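Have the sequence and the 3D view side by side as you read.

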Amino acid sequence: MSDDLIKATAKALPNTDLKEATCEPISLGGSDRSYYRINLNNDQSLIVMEYTTDRPDNAKFAAATNTLKRLGVATPEILSHDSKKQFIWMEDLGTKHLWDHRDTKWDERSALYKSVIDESRKFHAGNEQTLKKEELTQLEPSFDESLYKWEQDYFFDHFLSYYSRRAPSYQNSLREEEEFKRLIELLTGPEKTLIHRDLQSQNILLKKNKPHFIDYQGLRLGLREYDIASLLYDPYVSFTKKQRAELAEYAFEGEERSEWKPIFMGCAIQRLMQALGAYSKLGNQLGKTEFLNYIPQALDNLREILSEENILPRLEPYLSDEALEF
């Protein structure tokens, strides 16, 4: 594969010196895409992404990049794109993720997170009126009732059905409770903006301490609160309540708390249910068992919110230690 990829790179980037180039695979989380780093002979490097169309959003990475670039958002530069062979050559932003600062002292860490929030404002400013019509058609379909319902079903089908001690009939009855429909109604009301869809610490690279977004092929219209909730309730890292509150207040500075908080908390619950479904599916069905390690933090985050917010009261007992079997 290495030799073939270097040959393909020579064809895609004919002005690049590849005489002593080497190729190494990069392992990246739960992605179904393959990544490689091409090391050149001048201490330079570039990244190659090989994708499939098994998931439709994979083919939308280039279009999403173009949209983000137009909005001034920091992303990798695309150097070449072979849509037939499904390869994208792009700038190498390095190896330092926001996740690598999960244990950094809070003053420094909070400054990094605030810089991420600042950078995200650039695409959160985009909406159906300000985005070009052709851009919207090239991105993923926007969040709507069906997508929120899909995320909830994903949680039931891949997490609760796998770990719950309760009979499937009880789980199915819970799934149809009105509180889940009310959550969807809460999240379909506000104005939609452009969102990353998977804004978490491992999808943010730091180049000279400036945040750059990656893995944004799911870019679409949705709620910016969903992105901020994904960032602040990220199961890959830990926050104290005080730290999370500080960042949330920064993200929604100047806005009425009574207006943004219910939507933010609803988005956090929705996102964490989706994450628990994803971790269970990746770990238990697809053999990527490392993702099972993040279930406890995601579950703790969800339990914390449910204990404080009257959003899904009937779900809370299903997530107790007595109700789950790991």
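In what order do the five strands of the open sheet lie? The order is 1-2-3-5-4, and the pairing is antiparallel. Strand 1 (22–26) and strand 4 (78–82) form the edges, each pairing on one side only. On average, neighbouring strands of this sheet are turned by 20° against each other, direction ignored.

Some terms: strands (E, at least two residues) and helices (H or I, at least four) are DSSP runs numbered from the N terminus, and two strands pair if DSSP finds at least two bridges between them.

## Where the model comes from

This is a predicted model: local features need pLDDT of at least 70 and side-chain atom pairs count only at pLDDT 80 or more, while totals for chains, interfaces and linings use all residues. Residues are numbered from 1 along each chain as its sequence is written, and side-chain values use heavy atoms, leaving out hydrogens and water.

## Strands 3 and 5

Strand 3 (residues 45–50) and strand 5 (residues 87–91) run antiparallel and are joined by five bridges. Glu50 stands opposite Phe87 in strand 5.

## Thr9 in helix 1

Thr9 sits in helix 1 (residues 2–12). With a relative accessible area of 0%, Thr9 is buried (buried means under 20%, exposed over 50%, partly exposed in between, with a 1.4 Å probe and protein chains only). Leaving aside neighbours within four places in sequence, Thr9 is in contact (heavy atoms within 4.5 Å) with Leu18, Ile38, Leu46, Val48 and Trp89.

## Cysteines

The structure holds zero disulfides (pairs of cysteine sulfur atoms within 2.5 Å). Cys23 counts as buried at 16% relative accessibility, and Cys267 is buried at 0%.

Terms used: Axes are lines fitted to C-alpha atoms, for helices over the stretch in contact, and angles run from 0 to 180 degrees between N-to-C directions.
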